[in-house]
Amino acid sequence: MGVMVVGVWAGEGGRAGPPGRPSPSGSLGAGRRDRPRVLVVDDDPAILATVQDILAAEGWEVVAVETGVEAVASIRDQRPAVMLLDMRMPGMDGWAVARAAREQAPGVPIVVMTAAENAAAWAAEVAAEAYVAKPFMLDDLLRVVDRFRTGGGRPN
Amino acid sequence: MTALDLLNVTAQAAYVVTFVLVGVKTVRHPTPAHRDMTLFFGVMALAILAQRIAPFFSTLPPAWVTGAVVVLLMAMPYVLLRLVADFSVVRPWLMRTVEVLVVAAVVAEVAFAGDAPAGVLLAMVAYFAAVFVYCGTAFMSGARRGQGITRRRLEAVSIGSIFIGVAILLAGSELLVGEIAAPILNAMAQLFFLASALAYYAGFAPPTFLRRAWQAPEIDAFLTRAAELPRRPTTSEIVRELERGAASATGAAATIGLWDEDRGALRFLRAEPSTEYVDVRPGELAGGRAFASQHIEFSADPQRDHPEGREVYRATGVGATIAAPITSGDRRLGVLCLFAARSPLFAVSDTELAKLFADQAATILEARVLIDHAARVRAQEEATRLKEDFLSAAAHDLRTPLTTLLAQAQFLERRARRDPSAPADLKGLERIAREAERLRSLVADLLDVARLEQRRLLGEREPVDLAAIVGKIADRRDDGRARVRLEVRSPVVGTYDRQRIEQLLENLLENALKYSETSAPVTVEVWQDADAARISVRDQGIGIPASDLPRIFERFTRASNVDDRRFHGMGLGLYICRGIAEEHGGRIWAESEVGKGSAFHVELPLSMERRAN
């Protein structure tokens with residue numbers, strides 16, 4: 001399954017983009033661009049698509065992936081300003097993604113997004129910068145993500 | 001003294017010693033077999049003593065002594081036959097015939113006054129030899145039926161009888177051969193007499209060391225097996241194994257009664273292959289008495305010692321019993337009973353062996369209790385964990401579609417407010433509809449599981465034609481690709497909850513279609529088999545790994561080769577299917593091969609009433 005780059009700017013900077021367009025390397029960072037980039041990881045396609053639409057409408061460039069493996073590749077190559085990470089996923093789960101992300105893209109904040117009972121505890125387990133418990137109110141999601149709009153660094 | 005004399009003396013001494021030993025036994029434990037043994041060796045000893053002592057008084061023993069010895073010797077085959085009857089079964093007509101022959105032999109001896117013609121003597125020899133050989137084979141067949149030490153003892157006795165028969169034949173043949181050959185035959189006869197004396201001694205009155213040596217292999221074998229006994233799946237299997245071990249080591253029948261507090265009785269498993277129980281109250285019969293007194297009970301004649309069980313003992317042909325309490329510390333677990341099938345083959349020393357087995361049984365059963373207890377605790381923990389798992393899995397799976405519903409609805413609302421003229425977001429609306437439907441079916445499944453666990457899944461029952469239902473569902477599910485092949489010949493009508501049966505079939509068909517290629521056919525068969533309806537749904541799909549097959553009907557279980565992202569579901573469908581089948585009194589099972597496909601089979605009784613009969 002390929003990486004989906006979403007929004008009206010589909011293709012710009014995405015790996016799935018049309019040939020000929022230069023793909024920004026991770027070193028360029030998100031902060032140099034006018035649109036902050038967010039990586040969304042969720043194995044549920046409906047949630048993934050919804051979050052994609054919501055964040056794109058708020059001016060984010062959204063990289064949406066359904067598996068942990070794709071997430072690790074994306075966080076390394078695309079250097080998002082923030083990663084929204086589902087925890088319970090088949091194959092490579094949220095814990096494994098978080099571990100790999102800390103190694104390969106340190107400094108990218110992680111926002112855990114889970115439908116589990118103990119969202120806060122799971123977020124703490126991977127030392128996430130923030131968490132959103134599913135189901136979430138739209139405003140809550142936007143408020144949390146907005147804290148990381150300014151760039152690839154930690155908010156404080 | 002010649003070598004021949006030495007042989008003679010040794011053989012005779014062996015008989016006399018055996019007589020003294022069994023005589024002591026008879027005084028201590030007067031049983032029919034002990035009496036007959038004493039009688040048998042007594043006759044021999046008396047004849048020998050008469051022959052040995054007489055010369056001290058005069059050159060020739062008085063005629064009446066010789067006569068008495070001859071008469072006693074004539075009765076020997078009869079006494080031996082009585083011994084066989086104690087250990088095994090002798091036909092009454094044979095017994096009567098031998099009695100008549102004994103009388104005839106005595107009459108002949110008296111009539112001819114030790115001067116019988118050769119023909120009569122030969123007839124007597126033949127009669128002796130025949131009875132001894134018969135007894136030998138009878139003991140041998142008894143040995144074949146027996147086991148352990150009993151078998152070995154009967155074998156020894158059998159060999160003794162055959163030897164004595166041969167010795168008599170040889171001694172009798174002396175009359176027919178010349179002067180030169182007679183001493184050789186006589187020597188051989190003496191050898192056989194000695195061998196028979198030793199064999200009889202070993203068989204009828206084995207010394208303790210021999211007894212232990214004969215028991216050792218079975219005891220060793222049992223103790224080797226004992227270590228893994230507590231891990232047997234059921235207590236009754238452990239009891240059976242303990243019974244077998246005790247039986248083979250003692251050469252008797254063994255049975256174990258376990259104390260049942262609720263019934264206030266010792267529960268004995270009937271002899272294999274029965275799986276029924278017999279209850280015995282404390283104080284009743286040998287077992288109950290040993291359990292009540294907490295002492296080993298030995299009874300040579302249980303019909304006399306336990307009159308309340310006379311009928312039982314007589315019917316089962318029990319000769320002697322040893323009952324030993326199985327007690328661990330102050331916990332009275334039960335009682336071990338050993339029954340010698342027909343004969344009092346037990347020695348009092350066998351009570352020690354019984355105690356060893358009872359103690360071993362106590363240790364094993366106690367270990368079993370601990371293992372059971374640990375298993376119960378584990379099962380409880382597992383049940384709690386499953387319940388928690390269920391709740392958290394259910395909550396998680398309900399929140400997932402809800403997340404989309406809430407976020408998408410709020411997002412559409414915000415969009416509409418910001419830009420009222422914007423075109424409708426069809427994708428978002430579709431997403432809402434799809435996730436709402438997913439939530440609905442999830443809630444329906446969860447409610448079904450809750451009903452199933454209260455056994456309230458089924459509603460009103462009515463006559464339902466499975467063939468018609470299958471046709472209807474196939475039409476509904478086939479989405480125009482003609483993948484579903486029906487093999488239905490005639491209506492199959494049973495009394496079912498129509499809605500639930502539809503749900504069951506729909507679920508199976510949906511699975512078959514979902515887990516196979518969109519071009520692969522799915523076959524549904526419906527037929528009647530005796531008074532049950534049978535349904536099979538076969539696909540050529542991804543199949544189910546053998547390791548997952550036993551668990552696929554459990555809740556929240558999905559085969560490990562199911563890609564969660566391609567196939568949504570909580571793993572409740574087949575669990576509900578099993579519930580529907582079982583609440584109808586039927587069953588559901590599956591066969592599968594990975595990569596080849598799966599077949600799900602359902603069997604439903606046509607009506608509950610018929611099944612109840």
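1. Which residues of chain B do ring pairs link into a cluster? In this predicted model, the cluster consists of B:Phe40, B:Phe41 and B:Tyr200. A search of the whole structure finds seven aromatic pairs over all chains. One of them joins B:Phe41 and B:Tyr200 in an edge-to-face arrangement, with the ring centres 5.9 Å apart and the planes at 90°. This pair links distant parts of the chain: B:Phe41 belongs to helix H2 (residues 32-57) of chain B, B:Tyr200 belongs to helix H7 of chain B, and 159 residues separate them. Both B:Phe41 and B:Tyr200 are buried.

2. A second aromatic pair is formed by B:Trp259 and B:Phe291. The pair is stacked, because the planes of B:Trp259 and B:Phe291 stand at 25° and planes under 30 degrees apart count as stacked. The centres of these two rings are 4.9 Å apart. Here too, distant parts of the chain are linked: B:Trp259 lies in strand S1 of chain B and B:Phe291 in helix H10 of chain B, 32 residues apart. With a relative accessible area of 4%, B:Phe291 is buried, whereas B:Trp259 is partly exposed at 24%.

3. Chain B contains an open sheet of six strands, in the order S3-S2-S1-S6-S5-S4, with antiparallel pairing. Its edge strands are S3 (277-280) and S4 (297-299) of chain B, each of which pairs on one side only. From one strand to the next, the twist averages 25°. In general, strands of a sheet pair through backbone hydrogen bonds, either parallel or antiparallel. Strand S2 (residues 265-269) of chain B is joined to S3(B) over four bridges in the antiparallel sense. B:Phe268 stands opposite B:Val278 in S3(B).

4. Which helix packs on the sheet and touches S1, S4, S5 and S6 of chain B? That helix is H13(B), whose direction makes about 35° with that of S5(B). Helix H10 (residues 285-293) of chain B lies across S1 (253-260), S2, S3, S4, S5 (320-328) and S6 (331-340) of chain B. The direction of H10(B) is at about 145° to S6(B).

5. Helix H8 (residues 208-226) of chain B deserves attention for its bend. H8(B) bends by about 40° at B:Ala216, and a proline, B:Pro217, follows within four residues. The buried residues of H8(B) include B:Leu210, B:Trp214, B:Ile219 and B:Phe222, and also B:Arg211 and B:Glu218. Among the elements that cover these buried residues are helices H1 (3-28), H6 (148-173), H7 (181-204) and H9 (235-250) of chain B, together with H13 of chain B.

6. Over all chains, the structure holds 41 salt bridges. In general, side chains of opposite charge can pair when their charged atoms come close. Two examples lie within H13 of chain B. The side chains of B:Asp372 and B:Arg368 meet at 3.2 Å, N to O. These two residues are separated by about one helical turn, because they are four residues apart in helix H13 (residues 350-418) of chain B. B:Asp372 is partly exposed at 25% relative accessible area, whereas B:Arg368 is buried at 7%.

7. A general rule applies here: an α-helix has 3.6 residues a turn, so residues three or four places apart point the same way. B:Arg417 counts as exposed at 64% relative accessibility, because exposed means over 50%. B:Glu413, at 40%, counts as partly exposed.

8. Where else do salt bridges occur? In chain A, the side chains of A:Asp77 and A:Arg76 meet in a salt bridge at 3.6 Å, N to O. A:Asp77 is partly exposed at 26% relative accessibility, and A:Arg76 is partly exposed at 40%. Finally, salt bridges connect A:Glu58, A:Asp139, B:Arg414 and B:Arg418 in a network.

Notes: Residues numbered from 1 in each chain as written. Chains lettered and ligands numbered in written order. Predicted model: local features only at pLDDT ≥ 70, side-chain atom pairs only at ≥ 80, totals over all residues. Heavy atoms only, no water. Salt bridge = Lys/Arg side-chain N within 4 Å of Asp/Glu carboxyl O. Buried < 20%, exposed > 50% of the residue type's maximum accessible area, 1.4 Å probe, protein only. Bend = angle between axes of the 7 residues up to and from the residue. Contact = heavy atoms within 4.5 Å. Pairing = 2+ DSSP bridges. Axes fitted to C-alpha atoms, helices over the stretch in contact; angles between N-to-C directions. Phe/Tyr/Trp six-rings, centres within 6.5 Å; stacked < 30°, edge-to-face > 60°.
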